[in-house]
Structures are given as C-alpha cells and as structure tokens.
Amino acid sequence: MDGLTYDMPLFAGADPAIVKEVMDRSNSRMRYYRKGETIARQNEVCRTLMLLCEGSVYARMTSREGREFTLNPLTAPDIVASPFIFATENIYPVTILAQSDCRLWIIDRSHILKLLERDTAILRNFLRDLSDHSLYLSRKLHEFVLQNLSSRVLGYLKDNHEIRNLQQTAFILGVARPSLSRTLAQGRIRKTDTEYTLA
C-alpha cells in the first residue's frame, strides 16, 4: 500500500510501525466504484471496515412498503460503516452507494481488531467515530420522529441549501410529494424556476 494511504482519520496519532506491520500481514485491498454503483446492500453481513480515500458515498434505507430514507453523504477521508462491523448482528441496515467515483480501502474485521488492541490512538479515533455517528443518527431520529414536516423541510434546506427534485426530496424526507409541495408553498421558502431555497 502507498504510504500516503495511512494519512487517514483512523490512524491519526498512531504508531506508523504498528499500522504498517498489521496492514502488511492483512489482505486489505483497494476497491474502485463508479458514481451510482452499489458498495454494500441492506441486510448483507458486514465483515470489513471501509476507509473512504477518494470521493463520496451515501446510505439509503428502504422499507418493505418501498419508502426510502437517505442519510447525508460521507466524503473522503472518512470511515464508512464503523457502527456495524462489531455489532452482535453485524449486518448493513442500509444500502451504501457511490455518490461520485470513489476509492475505498477495505480492511477485514480481524485486522481492525488487532489495530484497536495494539494502538490506543487508533482505539480513541475509532470510538470517536462511533460516537459521532451515533450523535448524527440521534439527531436524524429527532428530526423524523419529533419534528413536524415544516421543521424537517427547513432543516433539510439548511443542510443542503436547495431543493431541485421534489420527488427525490420527498423520498429522503419519507413523505408523499403532494405533502412536500404544500409545505414548500408556505412560510420562509423562496421558489424560482428551478429550485426552492430559504427566503
């Protein structure tokens, strides 16, 4: 592996000799994905950790009724799927897709465990990543369970700055398109020929 690959958040402050020793003995590999390709499917077993070296990815959850919930994208450098790899039921609860052309460093669970056991800096970085993901998901849960649709739309616009595709945004927010259209016609939202933005 190229030495520059180790310049990732997971390895910040770690002993380079330990990282190199463990990685040299692993069967880690680089995978390349084109925009729109599926990286991991919902309900597949998660046996590896993915380090996003280039590009961006996003996660989408689909219910049996066909409703979709999309999480904000992750961009390089970042850790993908860290909350799932050591879970009791270690499956992907979401489908992970390439938002752009991207490059992922795939590392087996056993070698991630060796790194966590041998280097406290890597352990701290991994725990911080888990905590950050948990905080993000709790905020998303708050938005979708405790906020009304108007508040959710305003929050979406604050994060994404604009709405161009009503059908896609309705899927992301988990609502019917007519409900979204009615909400966009109210309050602090400006409409142009191509988009909706905050007024």
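In helix α4, Leu 149, Ser 150 and Val 153 meet Ser 179, Leu 180, Thr 183 and Leu 184 of α6, where contact means heavy atoms within 4.5 Å. By class, this contact of α4 with α6 has 4 nonpolar, 3 polar and no charged residues; Ala, Val, Leu, Ile, Met, Phe, Trp, Tyr, Cys and Pro count as nonpolar, Asp, Glu, Lys and Arg as charged, and the others, Gly among them, as polar.

The model is a predicted one, in which local features need pLDDT of at least 70 and side-chain atom pairs count only at pLDDT 80 or more, whereas totals for chains, interfaces and linings use all residues. Residues are numbered from 1 along each chain as its sequence is written, and side-chain values use heavy atoms, with hydrogens and water left out.

**Exercise 1.** Determine how α4 and α6 are oriented to each other.

*Solution.* Step one is to locate the elements: α6 covers residues 177-184, and α4 covers residues 149-160, helices being DSSP runs (H or I) of at least four residues and strands (E) of at least two, numbered from the N terminus. Step two is the geometry: α4 and α6 pack at an angle of about 80°, with their axes 10 Å apart; axes are lines fitted to C-alpha atoms, for helices over the stretch in contact, and angles run from 0 to 180 degrees between N-to-C directions. Step three is the classification, in which angles under 35 degrees count as roughly parallel, over 145 as roughly antiparallel, 65 to 115 as roughly perpendicular and the rest as oblique. The two helices α4 and α6 are therefore roughly perpendicular.

**Exercise 2.** Describe the packing of α4 with α5, and name the residues that meet.

*Solution.* Helix α5 spans residues 166-173, and it packs with α4 at an angle of about 115°, the axes lying 11 Å apart. This pair is therefore also roughly perpendicular. From α4, Arg 152, Val 153 and Tyr 156 meet Thr 169, Ile 172 and Leu 173 of α5. The contact of α4 with α5 comprises, by class, 4 nonpolar, 1 polar and 1 charged residues.

**Exercise 3.** State which residues have the most contacts inside the largest nonpolar core, and then examine Ile 39.

*Solution.* A nonpolar core is a set of buried Ala, Val, Leu, Ile, Met, Phe, Trp, Tyr and Cys residues joined through side-chain atoms within 4.5 Å, and buried means under 20% relative accessible area, exposed over 50%, and partly exposed in between (1.4 Å probe, protein chains only). The largest core has 40 residues, with the most contacts inside it made by Leu 10, Phe 11, Ile 39, Met 50, Leu 51 and Ile 96. Leaving out residues up to four places away in sequence, Ile 39 touches Tyr 33, Met 50, Val 57, Ile 96, Leu 97, Ala 98, Cys 102 and Leu 104. A second, separate core of 14 residues includes Tyr 156, Leu 157, Ile 163 and Ile 172.
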